[in-house]
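Thanks for coming, everyone. Please have a look at the sequence and the structure, and then I'll walk you through them.

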Amino acid sequence: MTGNRTFTMIKPDAVENGHIGAILEKITAAGFKIVAMKYTQLSVRDAQGFYAVHSERPFFGELVEFMTRGPIVAAILEKDNAVEDFRALIGATNPAEAAEGTIRKLFATSIGENAVHGSDSDENAAIEGAFHFAGREVF
Ligand code: GDP
């Protein structure tokens, strides 16, 4: 994966609340091309592995429970400056602090249940994309 790709998940809260279509619309309207996508559900082991960097944080158990409680949409997105531009599109981790018009401002309900994931570096985008997709699933 090159530096013009990022990885996202539409999290269980946004799926439950019927926001898949609206979120994908915001993503494509912002100029991101979907180069891989699947509807799937994380196992506890998947979520613990994906969020291993947070394993010592007090909210880790809550995060794993949340991320495994229902299906998600996982996708790899392509655009110039993808990681930074996508973080701007989704907004701050806490929707109360997210800028107007951002995906989290529009669709998230709390700091934990915040609708979408976006990779925080090119390196993590590559790791996270490979976590979810085989090479033949990426276009
Ligand atoms: P992100 O990069 O904006 O997603 O934020 P972080 O990497 O700091 O945290 C990863 C994810 O953990 C967030 O998107 C939230 O779903 C969750 N999270 C972060 N902080 C908290 C918190 O204080 N409480 C709970 N329950 N979840 C949190």
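**Starting from R5**

The side chain of R5 reaches the backbone oxygen of F139 at 3.3 Å. That is a polar contact: a pair of N or O atoms within 3.5 Å, where within protein one must be able to donate a hydrogen and the other to accept it, and residues adjacent in sequence count only if both atoms are side-chain atoms.

Now some ground rules. This is a predicted model, so local features need pLDDT of at least 70 and side-chain atom pairs count only at pLDDT 80 or more, while totals for chains, interfaces and linings use all residues. Residues are numbered from 1 along each chain as its sequence is written, and side-chain values use heavy atoms, with hydrogens and water left out.

Back to R5. It lies in strand β1. Helices (H or I, at least four residues) and strands (E, at least two) are DSSP runs, numbered from the N terminus. Is R5 buried or exposed? R5 counts as buried, because its relative accessibility is 15%. Buried means under 20% relative accessible area, exposed over 50%, and partly exposed in between, with a 1.4 Å probe and protein chains only. R5 also has a side-chain partner: a polar contact of 2.8 Å joins it to E78. Leaving out residues up to four places away in sequence, R5 touches several others, including V35, I76, A125 and V138. Touching, or contact, means heavy atoms within 4.5 Å.

**The strand around it**

What does β1 pair with? It runs antiparallel to β3, joined by 6 bridges. It also pairs with β4 in the antiparallel sense, over 3 bridges. Two strands pair if DSSP finds at least two bridges between them. Look at T8. Its bridge partner in β3 is A75, and its bridge partner in β4 is G118.

**Two helices**

Next, α7, residues 122-132. Here A125, E128, G129 and H132 are buried. They lie on the same side of α7, because they cover an arc of only 100° around the axis. The arc is that of the directions from the helix axis to the C-beta atoms. The face turned away carries the exposed residues E123, I127 and A130. Among the elements covering the buried residues of α7 are β1, β2 (33-40) and α5 (82-90).

Then α4, residues 60-68. F60, L63, V64, F66, M67 and T68 are buried there. The buried residues of α4 pack against β1, α1 (12-16), α3 and β3.

**The ligand**

Which residues are around the ligand? They are K11, H54, F59, E62, L63, R87, T93, R104, I111, G112 and N114. To be near, a residue needs a heavy atom within 4 Å. Taken alone, the ligand exposes 550 Å², and the protein buries 81% of that. Those areas come from the Shrake-Rupley method with a 1.4 Å probe; for residues, only the protein chains shown count as cover.

**One last residue**

Finally, K26, in helix α2 (residues 20-29). K26 counts as partly exposed because its relative accessibility is 28%. K26 and G101 are 75 residues apart in sequence, and 9.7 Å apart in space, C-alpha to C-alpha. A polar atom of the K26 side chain lies 3.1 Å from the backbone oxygen of G101.
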